[in-house]
Amino acid sequence: MSSAGQPRRSTGDKIVRFAVVGLVNTGIDLTTFFLLLKLAAPALAANVGAWFVAVLFSFVANRFWSFERDPDIRLHHSFLRFVSLGALISLGVSSLSIAVLAGTIGVWPAKVIGVVVAAALNFLAARWSIEGRLLR
């Protein structure tokens, strides 16, 4: 049983829920990125802004729906872990992808490649941030 008296979700269930949140989150990220580009923001600045909006949604959705919260991890610690790892993984990978690939393949394909590459790493990072574990 989880700390809230609910039965533990299987890893498969968590992956499915994480994927659903990820799809919505990707839509939020890409929509915000598009809007910021339309407002003439430079591509890397638009990427940072889009990531920030998306990571706020992602934390709330994953914390309350995808994963089981560890009661020993305070909300602000969980958020700091999530945002720090999100910055390192999502923002780092997508910004690196844009910086390295945009001149060759275009901004949008570079952004999409960054999002795809970061997805699997983000599952482990989110699980650790919220549940305090990686593999069990």
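## How the helices of this model pack

Helices α1 and α2 meet in a right-handed crossing. This is a predicted model, and that pair is a handy place to start looking around. Two packed helices are described by the angle between their axes and the distance between the axes. For helix α1, which covers residues 11-38, and α2, the axes come within 8 Å and cross at roughly 155°. Angles over 145 degrees count as roughly antiparallel, so α1 is roughly antiparallel to α2. As for what the two helices bring to their contact, sorting the residues by class gives 18 nonpolar, seven polar and three charged.

Between α1 and α2 there's a loop, and Ala40 sits in it. Most residues other than glycine have a negative phi, and most peptide bonds are trans. Ala40 goes its own way here: its phi is positive, about 75°, although it is not a glycine. Ala40 also counts as exposed, because its relative accessible area is 64% and the cut-off for exposed is over 50%.

Now follow α2 to its other partner, α3. The axes of these two helices come within 9 Å, crossing at roughly 145°, and α2 passes α3 in a right-handed crossing. On the α2 side, the residues making the contact include Leu44, Val48, Trp51, Val55 and Phe59. From α3 come, among others, Phe79, Phe82, Val83, Leu91 and Ile98. Split by class, this contact has 14 nonpolar residues, eight polar ones and one charged.

If you leave aside its neighbours within four places in sequence, Trp51 is in contact with Asp29, Val83, Gly86, Ala87, Ser90 and Leu91.

Trp51 also leads us into the core. In soluble globular proteins, nonpolar side chains tend to be buried together. Here the largest nonpolar core has 11 residues: Phe18, Trp51, Val55, Phe59, Phe67, Phe82, Val83, Leu91, Phe123, Ala126 and Ile130. At least two residues of this core come from each of α2 (43-66), α3 (75-105) and α4 (107-131). There's a second, separate core too, with six residues, including Ala46, Ala50, Ile98 and Ala110.

Let's finish with Phe79, in helix α3. Is Phe79 buried or partly exposed? Its relative accessible area is 27%, so Phe79 is partly exposed. Setting aside residues up to four places away in sequence, Phe79 touches Leu56 and Phe59.

Definitions and conventions. Residues numbered from 1 in each chain as written. Predicted model: local features only at pLDDT ≥ 70, side-chain atom pairs only at ≥ 80, totals over all residues. Heavy atoms only, no water. Core = buried A, V, L, I, M, F, W, Y, C linked by side-chain atoms within 4.5 Å. Buried < 20%, exposed > 50% of the residue type's maximum accessible area, 1.4 Å probe, protein only. Helix = DSSP H or I, 4+ residues; strand = E, 2+ residues; numbered from the N terminus. Contact = heavy atoms within 4.5 Å. Axes fitted to C-alpha atoms, helices over the stretch in contact; angles between N-to-C directions. Left-handed = near helix turned anticlockwise from the far one by under 90°. Nonpolar A, V, L, I, M, F, W, Y, C, P; charged D, E, K, R; others polar. Parallel < 35°, antiparallel > 145°, perpendicular 65-115°, else oblique.
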